[in-house]
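Me: I'd like to learn how to read a structure feature by feature. Could you walk me through one?

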Amino acid sequence: MIGREKMFFLKKRKNIADSAPVLIGNMHHIGARESQQDSFAISDVSNMELLRRKGVFGVVADGMGGLADGGEVSGIVARAMLQYFIETDTSGRPELDLLNMLYLANDNVNRFLDGREQGGSTVVATILCDGKMYWVAVGDSRICLLRGGALIQLNREHVYAVELYEKAATGEITWEDAATSPEQGALTSYLGMGNLEKVDRNIMPVQLVSGDRILLMSDGVFGVLTNDEILESMMTEPHRSAGVLQEKVLEKQNPNQDNLTAVILEYRGI
């Protein structure tokens, strides 16, 4: 699995000098599930030529639990997007590169699932380049910016709850009906559904400042921890922070704990 491969490389990179432009951390755990359906990938931050030309890329994909081949599908997403980042000539516009790699990954997933039972994956991905951050998201995984002691969610989740509350706001249904609907968590867009229904992204880049952290995570993390608990985990360097994040989730001893995956990228302002 690509997640395990990247964990191996990340352990070797712990000794990179503090002058590295981006520090990284990750955690990847099966939780209480029988299989791992999350995948992640991070570009090689020790490759200075890649850093200079394209920056740093990170992605977390969450295969949809209960659907066929969730782990394989999320792996296809992470591999396709990382390969595109490494091998494709840059357009000079990272926001377009993210869209291109997203649609390539979706095409690969749709081909893989052709003739199979329904399947799919969420995805959150980012590129950090020239002191700016670009991101793209589909589904209900999250990408957050940690700055000045605050945890700021950047993407809007593609879940039915969003549409329910919009209907409540226009009077089509009551607020109580929206809040109590058992379909709140149903995904309204995901890779593998054919044509993507919704894609969330930033058109204008986020200007980074030294010390900013970008956190990519599956719902096995934010669905269990509060924002305050996540922030408490971020009090040390990224590699250790990822470990603390995992510890805090597992300490809950949730018998139905979902797979949990997180990638942390800290911009050093260099």
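**Reading the model**

Reply: Strand 6 and strand 7 make a hairpin with two residues between them, and Gly148 in the turn has a positive phi of about 60 degrees. Strands here are DSSP runs of E with at least two residues, helices are runs of H or I with at least four, and both are numbered from the N terminus. One caution: this is a predicted model, where local features need pLDDT of at least 70, side-chain atom pairs count only at pLDDT 80 or more, and totals for chains, interfaces and linings use all residues. Residues are numbered from 1 along each chain as its sequence is written, and side-chain values use heavy atoms, with hydrogens and water left out.

Me: In which sense do strand 6 and strand 7 pair, and over how many bridges?

Reply: Two strands pair if DSSP finds at least two bridges between them. Strand 6 (residues 142-147) and strand 7 (residues 150-153) are antiparallel, with four bridges. Cys144, for instance, has Gln153 in strand 7 as its bridge partner.

Me: How many aromatic pairs does a search of the whole structure find?

Reply: A pair of aromatic rings is described by the distance of the centres and the angle of the planes. Rings of Phe, Tyr and Trp (its six-membered ring) pair when their centres lie within 6.5 Å; planes under 30 degrees apart are stacked, over 60 edge-to-face, and the rest tilted. The search finds two pairs. In one of them, the ring centres of Phe57 and Phe85 are 5.4 Å apart and the planes are at 20 degrees, so this pair is stacked. It links distant parts of the chain, since Phe57 lies in strand 3 (residues 56-63) and Phe85 in helix 3 (residues 70-87), 28 residues apart.

Me: Are Phe57 and Phe85 buried or exposed?

Reply: Both are buried, meaning under 20% relative accessible area with a 1.4 Å probe and protein chains only; exposed is over 50%, and partly exposed is in between. Phe85 also has the charged end of Lys54 over its ring, 5.9 Å from the centre. That label needs NZ of Lys or CZ of Arg within 6 Å of the ring centre and within 35 degrees of the ring normal.

Me: And what does the secondary structure of the whole chain come to?

Reply: The chain has nine helices and 11 strands. Its radius of gyration is 18 Å, close to the 18 Å from the globule rule for 270 residues, so the chain is as compact as a globular protein of that length. The radius is taken over C-alpha atoms, and the rule is 2.2 Å times the number of residues to the power 0.38. Of the 270 residues, 51% count as buried.
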